Amino acid sequence: MLERPAEMFDREREWAALSAFATDPRPGALLGVVSGRRRQGKTFLLRSLCQATGGFYFPADEAADRESLNRLGALVAEYVDAPAPLAFDGWHQAIDALLRLGRERRIPVVIDEFPYLVRANPQIPSVIQNALAPLREERDKSRASLLLCGSAMSFMGRLLSGSAPLRGRAGLELMVPTLDHQLAAQFWGIEDHATALMANAVVGGTPAYRREFARDDTPAGPDDFDAWVVRTVLSPVSPLFREARYLLADEPDLRDAGLYHSVLAAIASGNSHRGGIASYLGRKAGDLAHPLTVLEDCGLVTREPDAFRDNRTTFRIAEPLVAFYHAVMRPIWSDLEHTRDAGRLWQRSRRRFVGNVLGPHFEQVCRYWTRHLAGPEVFGDYPNRVSSGTVNDPAHRTSHEVDIAVFGLDDDNRQPLLAIGEVKWGDVMGLGHLDRLRRIRSLLTAQGRPGAETARLACFSGAGFTGELRETAAADPGIVLIDLAALYRPG
């Protein structure tokens with residue numbers, strides 16, 4: 001594997017995959033696709049790869065087709081030390097020229113922001129398909145590892161799917177994700193767990209938000225968190241101030257921006273189900289199928305089936321900064337743009353932040369930790385599926401929300417229930433919370449749910465647990481207590 005740049009944080013998996021692709025010893029040109037939401041460090045990864053291997057890197061712009069061809073010809077000429085820029089008649093000639101860069105040895109050939117090129121000329125994917133056709137000399141005698149990169153998630157998701165021209169052509173499909181809560185805390189250099197979680201609820205795990213956007217301004221601790229929010233995200237002179245709006249503008253499929261902002265605002269206000277979103281917008285639930293699907297394809301919204309109701313789906317905002325913008329900033333946008341005292345506006349909005357942003361984000365972090373970071377000893381087996389759900393209580397004519405439902409997978413492909421859990425950010429959890437979980441477990445057992453009778457009861461708290469609950473849990477291995485220290489403990 002190529003030596004990873006010393007200044008690169010994490011990304012071991014991504015660097016290993018790119019290194020293997022860029023040094024593949026087999027003959028013939030290769031195609032790879034790299035995607036991920038904007039600001040995740042894709043360009044840094046690919047530029048570093050080209051620097052380490054002597055590869056070719058082309059950053060596409062929003063430009064007319066002819067201008068892009070001219071820029072590419074100039075950069076190829078510079079790369080091969082030609083006396084004058086190369087003049088390409090079209091993309092067939094241009095792609096063949098890129099393949100010829102790998103005639104002597106295996107090198108990466110990167111086209112960054114590929115969606116910009118296709119927006120100007122939709123035929124380019126078909127051109128690449130034809131260039132990489134079997135038994136074609138330009139492909140067979142080349143050892144170029146052609147990498148197409150883009151941040152428009154809806155576009156990149158379709159590039160290799162269905163009947164798309166490039167389906168079946170790619171030997172690498174790499175998605176660069178945001179950093180999880182543990183890695184984000186390390187990257188931001190925040191040691192206090194509560195501060196790390198609160199900051200993560202605002203800016204998520206996007207690396208560029210610390211370096212380029214906040215200029216390495218990190219909250220020093222709990223007492224500095226409010227001031228940090230005011231001087232970064234809520235400051236009109238900070239790039240973070242308008243970033244959530246730009247994230248939507250970057251997606252070419254979001255043509256009716258007002259509608260998509262309203263859908264996100266509905267979800268950020270606590271309307272996580274289709275009916276609630278429709279009521280918030282004053283529309284029929286059936287009218288929301290398309291905008292919700294588009295937001296999901298763009299990676300801005302996630303769709304989660306209810307753990308216990310087959311016909312019920314929960315929608316969540318995937319990007320914390322977007323959730324923060326719609327829950328906290330958008331309702332007071334004009335005031336934020338013109339106020340001399342953003343601190344006062346923040347204090348007025350802090351309750352919305354805790355209820356609509358921090359609480360739901362903490363739940364999502366707990367679900368992520370349960371699914372991907374918890375060891376098999378915590379819930380008695382490896383979790384195979386983790387979600388939230390709703391359990392009917394006919395005797396009391398009510399229903400119970402379950403924040404975390406943990407399912408395993410046995411040898412017969414059945415998914416027994418391993419645990420159910422409740423999540424509280426600001427409450428010290430006690431025996432009352434445990435009794436509620438016991439009631440829900442009895443209801444699930446009565447429904448005949450596999451594994452329900454022995455399912456463990458999990459309490460997740462950002463504020464801790466009472467002495468009575470700790471004593472009860474110490475005497476019963478079927479009770480699991482998870483605090484912030486556990487959520488941030490390295491696996």
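1. Val 34 stands opposite Cys 149 in strand S4. The model is a predicted one. Strand S1 covers residues 30-35 and strand S4 covers residues 144-150. S1 and S4 pair in the parallel sense, over six bridges.

2. Next, the sheet as a whole. Five strands form an open sheet in the order S2-S3-S4-S1-S5, with parallel pairing. Strand S2 (56-59) and strand S5 (172-175) are the edge strands, and each pairs on one side only. From one strand to the next, the twist averages 15°.

3. Is Val 127 buried or exposed? Val 127 counts as buried because its relative accessibility is 6%, and the cut-off for buried is under 20%. This residue is found in helix H6 (residues 124-131). Leaving out residues up to four places away in sequence, Val 127 touches Trp 91, His 92 and Ile 95. Val 127 and Ile 95 are 32 residues apart along the chain, yet their C-alpha atoms are separated by 7.8 Å.

4. Now the cavities. There are two of 30 Å³ or more.

5. Helix H9 (181-188) and helix H10 (193-203) are the elements that give two or more residues to its lining. Among the lining residues are His 181, Trp 188, Asn 200 and Tyr 488. How many residues of this lining are charged? There are no charged ones, with eight nonpolar and three polar.

Notes
Residues are numbered from 1 along each chain as its sequence is written. This is a predicted model: local features need pLDDT of at least 70, side-chain atom pairs count only at pLDDT 80 or more; totals for chains, interfaces and linings use all residues. Side-chain values use heavy atoms; hydrogens and water are left out. Two strands pair if DSSP finds at least two bridges between them. Helices (H or I, at least four residues) and strands (E, at least two) are DSSP runs, numbered from the N terminus. Axes are lines fitted to C-alpha atoms, for helices over the stretch in contact, and angles run from 0 to 180 degrees between N-to-C directions. Buried means under 20% relative accessible area, exposed over 50%, partly exposed in between (1.4 Å probe, protein chains only). Contact means heavy atoms within 4.5 Å. On a 1 Å grid over the protein atoms alone, a cavity is a set of points where a 1.4 Å probe fits but cannot get out, and a pocket is an open set with protein on both sides within 12 Å along at least five of seven lines; lining residues have an atom within 4 Å of a point. Grid points are joined across faces, edges and corners, and a volume is the space filled by probe spheres set on the points. Ala, Val, Leu, Ile, Met, Phe, Trp, Tyr, Cys and Pro count as nonpolar, Asp, Glu, Lys and Arg as charged, and the others, Gly among them, as polar.
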